Amino acid sequence: MTQTVLDITVPSRDFANHHALTGAGAGLKAEHVSDILREKPDVGFFEVHAENYMGAGGLPHAQLHAIREQYPVSLHGVGMSIGSSGPLSEDHLARFKRLVEIYQPAMVSEHLAWSTHTDVFYNDLLPLPYTDETLARVAEHVSHMQDFLGRQILIENPSTYVTFSESTWEEGAFMAELAKRSGCGLLFDVNNVYISATNHKTSAEAYIDAYPLHLVKEIHLAGHAEDADDDGDRLLIDAHDRPVHADVWTLYDRVLGHTGALPSLIEWDNDVPTWPILAQEVQRTQLHLGRAAPRELRHAG
Amino acid sequence: MLGEPNDSWAARTTAFSKALLDPAIGAPVGIGKHAQHAPKRFAVYRNNVTVSLMEALKSAFPSILALLGDETFSRLARAFVARHPPTSPMMQRYGDVFPTFLSELPALSELPFMPDVARVELCWLVAYHAADDAPLMPDDISVLSPEELMEQRFIPTSATSVIASDHSIYDLFNARFDWPTGQTDFNDAQAVLVSRQGFSVRVARLGIGHCAFFTSLIGGETLAQAIGTAMAEDDSFDAGAAIGQMLESHAFRTLTDKT
């Protein structure tokens, strides 16, 4: 059967594999697909950026179909602009829903950020102040997206380079209240925590210890670049262009100490290495997960 | 869409977004290091936006990039991004007005072929992301009598397009694979057929007759009309070879809608 919602004509089908995400996964890069299909590596799941698969057909969909036949997939949106002051794009929601129907992802996630304003798309995850007003707006948008898709989504904590004078909420408390109001789950990006804590001279450990980690269902890990700000202070950039920093691995263990093992993803989106190098990072993640308690034990406590 | 006039978050995002694309506007007040003015920090967002969009254009137009070189392309791309930022998160469509933008640049008046090369690149992208239409196969037309075949009209796949130019667009498009070639004259009028075979996008050079033939068929004329149009353009037009290319290129959809 070929369905035609909007311009996506890829047929939907039943995938045998309906497993939830487990273990360590990797962000899927087109240049790795043939290696992955040939070697069938022991990877827990692959995550894709939804917007890369919103064309009608062609090679991107063929590759994702082949991956999805063998692995659980999570769908990570980078363009919904959940943090917008204006309404979400109904067209974009419809395109997103179609992907959910076709690929039956184990998880769906988006960001606490905005990228669209007055019909311009800025192609970046832009920051927002944490106020009662933005909380209400973001909760409304997350609820709308969940209602539209008919499933829970996870919202990811951002990496930021600036803060806003009008903010009245701590980021962690903002995320907890967002989850409470909308019923969303959380995606915890440990690299983002490290970047923001370094950039704003706060404690990453205190952030982690105060975070509503019981709502976290997936973890992200990535590499970052280092720059300097106006005063020559360290300014970390969320570049996703290198291996995970040693300090981020330490913070990851701290998170796992609170949560137990959780599906965890290596994101490497720029200066993409060969598949064996990325696979090493995934294996390293798996070693950390192996030392963490199973999540059920943590829940029992 | 703007929020209510009293909506402080909407006003905030308006100020933030204006400063993103226009360096002449300073970083917004009350946003920065500990919420204090910090232009270098705001510039990270400015840089992310502009550079990511410039990179998107480099990926979309590798032939223009090869022809102009990275420095010149980057300068043009930066100007394009400021004037024509994307209006949709569907980034695979970004750059659809890039050919027009190039055609209006005085600096490129000495390189009048650039807009048409960019048009071929856009058609390549459309084909790459196009729906997986089932192509017309020899069996689909072998069941027809010659008379029936000649009266047949054919529907192009959503990947198919023909671009004709006063310039050497086929040679110039191939700069993405092999440049420089040593070629200096690009004023040979060339036409190309863009189509998709399986998941591979093909760009084939068309002679005058074949260009007229494919243009007529895509325009909805019958096979007989298309052959007539082509023969009027080109005495040496070979209808058999053209029908062969029509099938081999997968440019047309199957006659019976199997879906």
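Start by selecting strands E3, E4 and E5 of chain B: they form an open sheet of three strands in the order E3-E4-E5, with antiparallel pairing. Helices (H or I, at least four residues) and strands (E, at least two) are DSSP runs, numbered from the N terminus, and two strands pair if DSSP finds at least two bridges between them. This is a predicted model, in which local features need pLDDT of at least 70, side-chain atom pairs count only at pLDDT 80 or more, and totals for chains, interfaces and linings use all residues. Residues are numbered from 1 along each chain as its sequence is written, while chains are lettered from A and ligands numbered from 1 in the order in which they are written.

Colour E3 (161-165) and E5 (200-206) of chain B.

H6(B) lies across E3, E4 and E5 of chain B and runs at about 15° to E4(B). H10(B), residues 208-218, also lies across E3, E4 and E5 of chain B, at about 135° to E3(B). Axes are lines fitted to C-alpha atoms, for helices over the stretch in contact, and angles run from 0 to 180 degrees between N-to-C directions. Residues are in contact if their C-beta atoms, placed from the backbone, lie within 7 Å.

Move to H2 (residues 39-60) and H4 (residues 70-83) of chain B, which pack at an angle of about 120° with their axes 9 Å apart. Among the residues that meet here are B:Leu53 and B:Leu57 in H2(B), and B:Phe73 and B:Ala77 in H4(B).

Finally, show chain A. In all, 46 residues of chain B are in contact with 42 residues of chain A. On chain B, H1 (8-21), E1 (31-33), H2 and H6 (114-129) each supply at least two residues of the side that touches chain A. H2(B) gives the most, with ten residues. Zoom in on E1(B): it pairs with E8 of chain A (residues 163-164) in the antiparallel sense over two bridges. Select A:Thr163, and its bridge partner in E1(B) is B:Gly32.

Terms used
Two residues are in contact if their C-beta atoms, placed from the backbone, lie within 7 Å.
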